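Please open the structure in your viewer and keep the selection tool at hand. The tour begins at a loop and then moves on through other stops.

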Amino acid sequence: MTEVVPPLITPLTDRGTVDRPSLSRLVRHVVSEGADGVLVLGSTGEGGHLLPDEQEAVVATAAEATDREVMAGVAALNTRQAAQLAARFAAAGARSLLVPPPSMFPLSQTELARHFAAVAEAGGLPTIAYHVPSRVPTPVGAALLAELVAKGVLAGVKDSSGDLGGHRAAVLATGRSPAVRLLTGSETCIDAALQIGFTGAVPGLSNVFTSLHRALADAADAGDWPAARDVQDRLTQLHRIYEGPHGDGSFTAGAIGALKAALVELGVIETATMSEPFTSPGEEARRHVRDVLREDRQ
């Protein structure tokens, strides 16, 4: 069965603290709309901007809100820090870990292998490598993925590169094994990734449009690729929710802020407050989000 695992935004209060009631509602909302589990503290979750105690609270809150899998992102500057976080997240109720390469220095694949092994051992949970070349300087190569899957260090990969050639390389390197989790974070080509052999998706838009992603996954499972394509086309059009005015903020802040603003409009969370130093969405951005939601309902 194709997985849909929303990479949840982290709701914050007006004061910038973790809004645990809103997070609980968000977890229950996406599960009720068809999510198989949730990812917390990923890129969309602003994990790297939260303090360790706040990160742990996010994991614990999500785990308390659902009996589905809670995957926790372990973003860190170095291996020791990542290992400490992995152990804390496991104790807080995470069932799996999403681990990117360290974000400061480029590493060799041998060094990266040691990083993954140390973090996986510290957490004691199924560990998914996070290939996200736009955010960290070291790629997760297909050969390394295959090696560490064979050794039982890694359970799979989340690939947010947008590179379908790289997706295929991961599928071939791991032998199309159904036991390996191959999750795409490339939102505009989920149907293509599934046709290649990926087993699920972790798309930011599924915070808001979970049921559409469930429909895409169900069509893929049924082998109805025209139907999957049609849903993907609709989701690609909805991608414009990210393209509103960002004010003095970055594209990243604008994109995550748009998801938060949409969830406020839907009554799921209380505020669209962003973590520092991100710019929170202003009225123009909120208007753009409302327009997209309204057009989708028509």
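Select M104 to begin, which lies in the loop between β4 (96–99) and α4 (109–123); helices (H or I, at least four residues) and strands (E, at least two) are DSSP runs, numbered from the N terminus. Before going further, please keep in mind that this is a predicted model, in which local features need pLDDT of at least 70 and side-chain atom pairs count only at pLDDT 80 or more, whereas totals for chains, interfaces and linings use all residues. Residues are numbered from 1 along each chain as its sequence is written, and side-chain values use heavy atoms, with hydrogens and water left out.

With a relative accessible area of 48%, M104 is partly exposed, a class that falls between buried (under 20% relative accessible area) and exposed (over 50%), with a 1.4 Å probe and protein chains only.

Next, select E69, which is found in strand β3 (residues 69–73) and which, at 14% relative accessibility, counts as buried. Which side chain does E69 join through a polar contact of 2.9 Å? The partner is R181, where a polar contact is a pair of N or O atoms within 3.5 Å, and within protein one must be able to donate a hydrogen and the other to accept it, while residues adjacent in sequence count only if both atoms are side-chain atoms. Leaving aside residues up to four places away in sequence, E69 also touches others, including E3, D36 and R95, with contact meaning heavy atoms within 4.5 Å.

Now move to helix α5 (residues 142–150) and select its buried residues, L144, L145, A146 and L148. Their cover includes α4, β6 (156–159), α6 (164–173) and β7 (181–184). Just after α5, stop at G152, which takes a positive phi of about 80°.

Finally, show the whole chain, which has 11 helices and 8 strands, and in which buried residues make up 54% of the 298 residues.
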